[in-house]
Structure formats: C-alpha cells, structure tokens
Amino acid sequence: MIKHDSIRHLVTQTILNVVSSTYPELIPQVLAKEALEDEIYKALVLAPQSELGDLAFGCFILAKNLKKSPADVAKAIAAGIMDTDLKAVAAGPYVNITVASAIHGEQVIRKILDGSYFKKQLVEKSPKTMIEYSQPNTHKELHVGHMRNLCLGDALVRMLRYSGREIVSSTFPGDMGTHVAKCLWYMKKHNQEPEPETGKGEWLGRMYSKANLLLEDQNGTPQEAINRQELTAILHELESKSGPYFELWKTTREWSIELMKKVYKWADVTFDEWYFESTMDTPSAQWVKELYAEGKLELSEGAIGKNLESENLGFCMLLKSDGTGLYATKDLLLAKHKFEDVKIEKSVYVVDMRQALHFKQVFRVLEILGFEQAKNCFHLQYNYVELPDGAMSSRKGNIVPLTDLVHRMEDHVKTTYLARYTNEWTAEEIQKTAEQVAKGAIFYGMLRMDTNKKIVFDMNEWLKLDGESGPFIQYSHARISSLARKFPRTSQQVKWDVLTHPAERQLLQALFGFNSSVAQAAENFKPAAICTYLYELAKKFNVFYHECAIGTEKDEALREARLALSSAVGITLKQGLGVLGMPAPEKM
RNA sequence: GCACCCAUAGCUCAAUUGGAUAGAGUAUCUGACUUCGGAUCAGAGGGUUUCAGGUUCGACUCCUGAUGGGUGCACCA
C-alpha cells in the first residue's frame, strides 16, 4: 500500500506510536504492526466540519480488538498525542486531529508550488490496461450522446495515467454495416443535393438520416422488399471490395474519419490504437469458422454461436445463417488481438449501458475459449444522454449535433461574457477563450454526474454557466492568475504559520487531499468525484478571496503566505481540470 | 416472462464506499466596502432518503420483499 499522502502518513505514524505504547498487548498478538499501520491510514477520514480538524480517526476497529468502548479508546489516544504540531481532541468515538499550518506548508503547499506533488506514484502495481472508448459510426452524425462517451473515456485515460498506471487508449469506429449501406444507397439512388465543398462528414450524416426517413416511409409498401434487396446487394458489393459502391465507400469513409479527427482534435483526445470494424470483418468470421470446426461453438437455427442460456445470457450469435459476422464476432477477435498482440492484462470498454448483455456474452465466450484475461475485462457502462422529449436517435433524426452544441456554447460565451473585452483583447484571444470555456462547460456537464445516471440534455440549461459548472472552476483559476499577475510573489521563504484564518485553514485541508481524491476516483472509474473535489476547492477559494485581503494585505509575511496559498490553489485547479481534459484559461 | 439499472429538498445532483447534525447547485425571497475580477460571496425557507421488514454499536449505503420509472433479451450495431 502506497502512503502517498504525507499529512495522512504523519498522522498515521503518530497514532501508531501512541497505540503501541498505550496498548502494548495489541501488537503483535492481535495485529501485526504493518497491518495496524494500514488500518489506521485507511481509517483516517476528513472531519465533517473543518473547524473540528483536518482528519478524524474513528476508533471502532481498534475498540473491537481491544474489547473497549470506542469513546474510551478515542480519549486515550487523544491524551497520548503530545506532538506540538498536532492537536488531538477526542469527540465521542473519534479523535479529531488538526495539523499545524507550518506542516501543511512544508509538506504540501511547497511541493504543489514546485510541482513535485503532482508527480507522485499513487498506486503500487498496475496491470497494463487498455481503455477502449469512442466507437462512432462513420456515415452518421456525431451528437451530444457521443460526447459523454468521449469525455468519460478521455477523463479515465488521463486520471488513470495520472495515478501511475500504464494505459493504452483505443477507439473502434464502425465503418461497416447496414448503416453504411443505407447511407450510400440514398446518396446514389435518391439524393438530389450536390456534395458540399466543406463539412462533408456532417453532410454524410444527414444523408443517413434521410435514408432512414425514406425507408421507414416506404415500409409496408411494395417498395419495402425492393429496398431490402438493394441494400443487401450493396452490402455484398462492399464485402467483395470492388465496384462503384465500394469506391464510394472508400471516399465517403474518409469524410467521416476526417470529421472524427476534427472532433478529437477539438476535444484534445488522442488514441494509441485505431481499430476499424472493416478490418475485423473477414478475419473475425474466418476465426469463428475455425472455432466451429474445432467443435468449440455450436449450430442453432442455421446460425453459429454459443448457447449461454444456462447462465441466463441467452444465445451469443457469432455467424448469421448467411455466413456473415456480427458485432460480437468482431469484438471477439479484437479482444484476442488486444490480449495477444498488445499484451494487455486488463481491458476496459467504455460503452453505453444498453450493450450490457452483449459484453457479458462476449466476455463469457472468451472465457470459455480459454482466455484467462477475460475475467479482467470490464464493461464500464454509463447511462445515455437523452433529450427532454425522449431518447436520441440518429435514425429518427432527433439529435443535437455536436457541432451545434459547440457553436452555440461558444457564441453564448462570446456575446454574454466576453463582449466586454472587445476593446481590450485581440479577436484571437476572445475566440480562444470562448473555445476553452465552452469546452469546460461541455466536459464538466458530461462528467459531473455519476456514470449510471441518465443525462437529460436541455440546451438552455447547459448555457447557464452559474453555480456548479466547469466555467465556475475556470473562473476561479483565471482570477488566481490575474491576482498573480498583479501581485507577484517576492519571497520564496514563506512563514506558513501565519495562515490561521478559517478560510485559509479550509484551503489547506482541501489541498492535501487532491491526490487521494484523484486516486480514489481513478480506482472507482468515477471522474465525477474529481468534479466535486474541484468545485469544492474553487468554492473555498472564493470564500477566502472574499474574506481575506491577499495582494493588498499590509502585513508582508501574511501577504506572501496568502499569495503562495492562492498560487497553490491555482496550480491544483489547473492540474485537476487537466486530469479531466479541461483547459484552464489565464483570463476569461 | 427473465435479466440489469435507477428512485435523496419544487427541479438537477452529492454524501469520503457501513460512520459524527444527509450536503451543494438551481428556483424563490433578502442582503454584500464605490471591489486584489459580481461568471463572485453571505443569509432564509425547503427532508419520514419511494414503501415494508431484516442485519448491528451505527444504514441513504448491505440483505429480503413490494411499488413506480428506464433498458436489454436470435440473425441490427
């Protein structure tokens, strides 16, 4: 167990010493010293109110082992702590501990300021892990629903890397399948519009929606059967890798990929591995045929797959009766590739919760096929984004395109907030800031909620940038930057013990917990926990800012300490936003 | 029918993974030095954590059952 938190570590050592001398019978008869140390470290929680202390130690487990009441144990421990830097007070079953500001300053703030605090290894051993996220289809439009996946996956990659894990990021675009056939079918047979010069990817997405509308329109008419035949013919042509539709596929596919890359660039996400469905198609079907020949799969109603009904997982179909593969077929081969060629030890799939059964089936089949690592496959399911009037569907065309959201957000930021700087800043600065703030608002909006909660996307709500929002945190950061520009620090020697104001103490308490927060959030795949942490830190800074003079403080020692503290908060906010993939503007 | 997810203030969400008096935002009402940036801050009201049992020192959290809502279950991805 890595005890990266130096404040916790210090308190743990002190309590451990007191416990060893007060209750010598405990070690090693009942507990080994190291186990006890771990127990104490883990049992330290933040005090419910900052006035009570920095950390609280609940004496429940100790009391149970000692067969005494928790309150008595708490009293004894509090009485035993003589360290002048630690103030211990027993409160019921808890010992509340306040660490001197000087210790916070030396152990934490100084290290935040020199950057070393953010370079700590937060986990002991880390299996090589792949995080697959963003599985957009080509020939379809990107919408806000895709944004949740992108933000989530990107944040996970960043926070897991931050905590010291080896991460390989990957994306799996769907550039093959019926949606492609429908889009191309409409383009060639029904479309009257000329191809646009720019925005071809978006245009292609609209072609797909129109195709669906037309197809649904003609359902139930004699035309339905004809459409079906035409689509099948197109699919076969694509599979044969020749002919006019195949040529059209090659060029249009590029349009979509170009659009994806544009969005990824905007979002500042990069993938180590790009897997395209089209490259998995033939080999995955081939592999399944081999597996069937080896007797590892079964035939059912003309299709090949694995019956998992005894485990309540239904039938996992891998080859349709026409001999072609399915999504599961490709996922199976892709998993094999990840294990065998990329040599990962753990695999995370960031995918909408509606695919839960699919992944259960795939993981189980992998296990049956003898892939030990299958038990280290994890489907990180998140609830989807829907509109106030129901679920989003690019088939039906009731979506909010990503570009709409981004542009409206940027315009809104420019007209309602940045307009006042038109004579002060350059047009580039305004544009750049608008982009950063819009991105902060969108990312924070997508990440702040727990993954299993649905997000109802309402544009008007999203444009409100007050309260708990990305811009709130960015604003606090910008304000600190502004403060630093106006009042540069003049001394590196800081007298930390002058920081005694409750608002200052709150910040000291918040700051030392940054790494623990990120480590825990990473452990649980919960970026939302980091959102909450940053929001609270920013809020505490704003209180401090209101209640204390910082740059204008007359007392030099106090001013320097406060400036250093502010700077540490600013750096931490920037780091935290960075871990979530959000920019931190210097001014806004 | 079977499986999974959700239910906390009017609304949108938290709650350190079983710990102290369940907290924020928003909406409503009231207030903040002729400001180190008001995208800020302070205050007020707002709760039987859907319901009924159980587990224990202790439950929003775990177990059982019920109710309401969502999603998925064979040739789509």
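Tutor: Helices (H or I, at least four residues) and strands (E, at least two) are DSSP runs, numbered from the N terminus. This is a predicted model in which local features need pLDDT of at least 70 and side-chain atom pairs count only at pLDDT 80 or more, while totals for chains, interfaces and linings use all residues. Residues are numbered from 1 along each chain as its sequence is written, and chains are lettered from A and ligands numbered from 1 in the order in which they are written.

Student: What pLDDT does chain A average?

Tutor: pLDDT is the predictor's confidence in each residue, from 0 to 100. For the complex, the predictor gives an ipTM of 0.96 and a pTM of 0.96. In chain A, 100% of the residues score at least 70, and the average is 94.

Student: What percentage of the residues of chain A count as buried?

Tutor: A residue is buried if 20 or more other C-beta atoms, placed from the backbone, lie within 10 Å of its own. Contacts (C-beta atoms within 7 Å) tell us about the chain too: among those with a separation of 6 or more, residues 24 or more positions apart account for 76%. Of the 588 residues of chain A, the buried share is 41%.

Student: Which residue in E10 is the bridge partner of Ile-304?

Tutor: Let's walk across the sheet. Three bridges join E8 to E9 (residues 303–307), and in E9 the bridge partner of Leu-299 is Ile-304. For Ile-304, the partner in E10 is Leu-319.

Student: Which residue takes a positive phi in the hairpin of E8 and E9?

Tutor: In this part of the sheet, Glu-298 stands opposite Gly-305 in E9. The hairpin has two residues between the strands, and the one with a positive phi near 50° is Glu-301.

Student: In the open sheet of five strands, which residue in E12 stands opposite Asp-352?

Tutor: This sheet runs E7-E6-E5-E11-E12 with parallel pairing, and its edge strands are E7 (273–274) and E12 (377–382). Six bridges join E11 (residues 346–352) to E12. Opposite Asp-352 stands Tyr-382.

Student: How many nonpolar residues does the surface near RNA strand B have?

Tutor: A residue is near if its C-beta atom, placed from the backbone, lies within 6 Å of the strand. Of the 73 residues around RNA strand B, those that come nearest are Ala-56, Lys-320, Asp-450, Gly-467 and Ser-482. Elements giving two or more residues to this surface include strand E10 (315–319) and helix H17 (470–486). Counting Ala, Val, Leu, Ile, Met, Phe, Trp, Tyr, Cys and Pro as nonpolar, Asp, Glu, Lys and Arg as charged, and the others, Gly among them, as polar, the surface has 23 polar and 14 charged residues, and the nonpolar count is 36.

Terms used:
Pairing = 2+ DSSP bridges. Buried ≥ 20, exposed ≤ 12 C-beta atoms within 10 Å, placed from the backbone. Contact = placed C-beta atoms within 7 Å.
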